[in-house]
Amino acid sequence: MRPMVRFLIACVLFICIGSAVVVALAADSANERAIAAAEARWRTHGFAHYVMTLEELNCTVEVEVADERVVRVTQLERCQRDGRTVEDLFAVARRDGDTGMRCITLGCACDDRLSVESAFHPLLGYPIRLYIRIEARPNWWHPDAWRYLLMHGRPPACAMMVGDKLLRVVDLRPLP
């Protein structure tokens, strides 16, 4: 491939990626506002002590929380899961777009990225559903990704394993 063609391809990709970054930042901002609004609703109700039934990877646990610390976890099925608090669930929701693992293949051309789709209780604000997906994507912040693009004429082939899981709050009730 001629140097001028490579340069033109790099320029077009730079413009496309720049546009995508602007759109992604706007979406991240809207997602953060939704999380902040839900968290404000949760804090308004001020549950210092509650029991939550949490389902994760076909495992259901009942978690008792006092002052945002797990004080008891009861396994409701034959499985082993740690307890989580509502604050822990908000932290998971905020990981949307984060990097899971860096430099997973092709030098540092690919990273694992997390995407988190969140749904919140309309009145109380706590997360009722968190769908978490991890997927390998090109790491355009690292020179290896650009090197791969220029050498092969296409983005890095990062499609390796994809994983996902659903966290669901089945029930939450305040305790005295």
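This is a predicted model: local features need pLDDT of at least 70, side-chain atom pairs count only at pLDDT 80 or more; totals for chains, interfaces and linings use all residues.
Cys110 lies in strand E4, residues 110-120, while Cys158 sits in the loop between helix H3, residues 143-152, and strand E6, residues 162-174, so the link ties together parts of the chain that are 48 residues apart in sequence. The angle about the S-S bond is -75°, which makes the link of Cys110 and Cys158 left-handed. Both Cys110 and Cys158 are buried.

Cys59 and Cys79 are joined with their sulfur atoms 1.9 Å apart. Cys59 belongs to strand E2, residues 59-66, and Cys79 to the loop between strand E3, residues 69-75, and helix H2, residues 86-93; the two cysteines are 20 residues apart, and their link connects distant parts of the chain. What is the handedness of the link of Cys59 and Cys79? With 80° about the S-S bond, that link is right-handed. Cys59 has a relative accessibility of 2%, and because buried means under 20%, Cys59 counts as buried.

Let me place these links in the chain as a whole. The protein chain has 3 helices and 6 strands. Read from the N terminus, the order of its elements is α-β-β-β-α-β-β-α-β. Of the 176 residues in the protein chain, 30% are buried. The accessible surface of the chain comes to about 10,500 Å², and carbon and sulfur atoms account for 60% of that surface. As for contacts between residues at least 6 apart in sequence, 55% of them join residues at least 24 apart.

Next, strand E2, where Cys59 is found. How many of the residues of E2 are buried? The count is 8 of 8, and the strand is mostly covered. Cys59, Val61, Val63 and Val65 point one way from E2, whereas Thr60, Glu62, Glu64 and Ala66 point the other way; residues of both sets are buried. I would draw your attention to Glu62 and Glu64, which are among the buried residues of this strand.

The pairing of E2 can be followed on the model. Strand E1, residues 49-56, runs antiparallel to E2, and 8 bridges join the two. Within that pairing, Val51 has Glu64 of E2 as its bridge partner. E1 and E2 form a hairpin with 2 residues between them, and Leu57 in the turn has a positive phi of about 50°. E2 also pairs with E3 in the antiparallel sense, over 6 bridges. Here the bridge partner of Glu62 is Thr74 in E3. The hairpin of E2 and E3 again has 2 residues between the strands, and in it Asp67 takes a positive phi near 50°.

We come now to the loop between E3 and H2, which holds Arg84. Is Arg84 buried or exposed? Its relative accessibility is 19%, and since the limit for buried is under 20%, Arg84 counts as buried. The side chain of Arg84 makes a polar contact with the side chain of Glu56, at 3.2 Å. Beyond its neighbours within four places in sequence, Arg84 is in contact with residues that include Met52, Leu54, Val63, Val65, Leu89, Val92, Lys165 and Leu167. Of these, Leu54 is 30 residues from Arg84 in sequence, with 8.3 Å between their C-alpha atoms.

Thr85 has its place in the loop between E3 and H2 as well. Thr85 is buried, with a relative accessible area of 3%. Leaving aside neighbours within four places in sequence, the contacts of Thr85 are Tyr50, Met52, Val65, Glu68, Arg69 and Val70. At the start of H2, a side-chain oxygen of Thr85 reaches to within 3.3 Å of the backbone nitrogen of Glu87.

Finally, helix H2 itself. Which residues of H2 are buried? They are Val86, Leu89, Phe90, Val92 and Ala93. These residues cover an arc of only 155° around the axis, and therefore lie on the same side of H2. An α-helix has 3.6 residues a turn, so residues three or four places apart point the same way.

Notes. Residues are numbered from 1 along each chain as its sequence is written. Side-chain values use heavy atoms; hydrogens and water are left out. A disulfide is a pair of cysteine sulfur atoms within 2.5 Å. Helices (H or I, at least four residues) and strands (E, at least two) are DSSP runs, numbered from the N terminus. Buried means under 20% relative accessible area, exposed over 50%, partly exposed in between (1.4 Å probe, protein chains only). Contact means heavy atoms within 4.5 Å. Accessible areas come from the Shrake-Rupley method with a 1.4 Å probe; for residues, only the protein chains shown count as cover. Two strands pair if DSSP finds at least two bridges between them. The arc is that of the directions from the helix axis to the C-beta atoms. A polar contact is a pair of N or O atoms within 3.5 Å; within protein, one must be able to donate a hydrogen and the other to accept it, and residues adjacent in sequence count only if both atoms are side-chain atoms.
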